[in-house]
Amino acid sequence: MNSRRVVLVTGAAKRIGRGIAMRLAADGYRVAIHYHGSEREARETAEACGGAELFRANLESVAEIQAMFAEVEERLGGLYGLVNNAARFTRFDPLEVTEADWDFIHSVNLKATFFCCQAGARLMLKSGEGRIVNVSSLGGIRPWAEHAHYCASKAGVIMLTRALAKAWGPAIAVNSVAPGVIGVGELDERAQAMVRATPALRAGTAEEVAGAVAYFLGAGEFVTGQVLAVDGGLSQR
Ligand SMILES: NC(=O)c1ccc[n+]([C@@H]2O[C@H](COP(=O)([O-])OP(=O)(O)OC[C@H]3O[C@@H](n4cnc5c(N)ncnc54)[C@H](OP(=O)(O)O)[C@@H]3O)[C@@H](O)[C@H]2O)c1
């Protein structure tokens, strides 16, 4: 049944986004892979997903977002699911954050997520149903002193999720997955300390995040406006 369902995953070339794309392809969805700079990795992921379609866009640009969704409609005939996974992450003392530092994070994490939701919802409403999953962060739930700008962007993603669930129900369910520390690369000292404080006593995996995304995509319209932390229990500390 999933085979006719098109799901676009942003930032899907590598790391968590790749894990999400691979899981959804294995579940039978027709996966569309978005990337920006990582073309080689995106091609590898597309191949690993059984020949998924590729879409390139700089999500800082609303015009490029709109062009990408128009291309998805043209090439794939519509859209059932959207996973907003692409994001940026930086660490600064809040006293040192510049306007450029702020915009660097918010242009992708919050602004692009909103305009992808808007463009995606317009396509979904043509068929009358859809599912949106926004990848937020434990940092949108818990305050991290040296990531105030990032935490604000991800808290914004969570409230966007809840407001859009109200705006677009029952046709479109909108939910969020909030990862804790995920072991997709080198963990710095701060991340290692967070892992030691995690009840599960380890970092999570891209597959575990993907499992939560797959749940929301497959759930009915009765599950909407929710945030699921995939964090080994760290949010309970
Ligand atoms: N890793 C963790 O431990 C962790 C923890 C909490 C939350 N998260 C969240 O989980 C998601 C995935 O995490 P991750 O660590 O796998 O992410 P990531 O590697 O830092 O970024 C994912 C992708 O976002 C894309 N991207 C960034 N800026 C873009 C732009 N201007 N236009 C288009 N694409 C852009 C990049 O695509 P290209 O490479 O193609 O340019 C990148 O590969 C993110 O939302 C992140 O905030 C991750």
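Which residue just after H2 takes a positive phi? That residue is Gly-50, and its phi is about 80°. The model under discussion is a predicted one, and the angles, distances and neighbour counts given here are computed from it.

Helix H2 itself comprises residues 39–48, and within it Ala-42, Thr-45 and Ala-46 are buried. These residues cover an arc of only 100° around the axis, which puts them on the same side of H2. On the other side of the helix, Arg-40 and Glu-47 are exposed. The cover over the buried residues of H2 includes H1, S2 and S3.

Helix H3, residues 62–76, can be described in a similar way. Ile-65, Met-68, Phe-69 and Val-72 are its buried residues named here. They cover an arc of only 95° around the axis, and therefore lie on the same side of H3. The other side of H3 carries the exposed residues Ala-63, Ala-70, Glu-74 and Arg-75. Among the elements that cover the buried residues of H3 are strand S1 (6–9), strand S2 (30–35), strand S3 (53–56) and helix H4 (99–127).

The length of H3 can also be checked by simple reasoning. The helix has 15 residues, and at 1.5 Å a residue it should span 21 Å. After H3 comes Gly-77, whose phi is positive, near 85°.

The strands come next. Strand S4 consists of residues 81–84, and both of its faces are covered. Gly-81 and Val-83 are buried on one side, while Leu-82 and Asn-84 are buried on the other. S4 pairs with S1 in the parallel sense over 3 bridges, and in this pairing Leu-8 stands opposite Leu-82 in S4. S4 also pairs with strand S5 (residues 130–135), again in the parallel sense, over 4 bridges. Here Asn-84 stands opposite Asn-134 in S5.

Attention now turns to the ligand. How many residues surround the ligand? The number is 26, and the closest are Gly-11, Arg-15, His-36, Gly-37 and Ala-87. By class, the shell holds 14 nonpolar, 8 polar and 4 charged residues. Helix H1 (residues 15–26) supplies the largest share of this shell, namely 3 residues.

Arg-15, one of the residues closest to the ligand, has its place in helix H1. Arg-15 has a positive phi of about 55° although it is not a glycine. Is Arg-15 buried or partly exposed? It counts as partly exposed, because 17 C-beta neighbours lie inside 10 Å, whereas a buried residue needs 20 or more.

Leu-201 is found in the loop between helix H6 (189–197) and helix H7 (206–218). With 10 C-beta neighbours inside 10 Å, Leu-201 counts as exposed, since the limit for that class is 12 or fewer.

A further backbone feature concerns a peptide bond. The bond that joins Gly-169 and Pro-170 is cis, with omega about 0°. Pro-170 lies in the loop between helix H5 (148–168) and strand S6 (172–179).

Finally, some distances relate parts of the chain to one another. Asp-93 lies in the loop between S4 and H4. It has 9 other C-beta atoms within 10 Å and is therefore exposed. Asp-93 and Ala-145 are 52 residues apart in sequence, and their C-alpha atoms are 7.6 Å apart in space. Ala-163 has its place in helix H5. With 13 other C-beta atoms within 10 Å, Ala-163 is partly exposed. The C-alpha atoms of Ala-163 and Ile-65 are separated by 21 Å, and the two residues are 98 residues apart along the chain. Ile-65 is one of the buried residues of H3.

Technical notes. Residues numbered from 1 in each chain as written. Predicted model: local features only at pLDDT ≥ 70, side-chain atom pairs only at ≥ 80, totals over all residues. Near = placed C-beta within 6 Å. Helix = DSSP H or I, 4+ residues; strand = E, 2+ residues; numbered from the N terminus. Nonpolar A, V, L, I, M, F, W, Y, C, P; charged D, E, K, R; others polar. Expected span 1.5 Å × (residues − 1). Arc of directions from axis to C-beta. Contact = placed C-beta atoms within 7 Å. Pairing = 2+ DSSP bridges.
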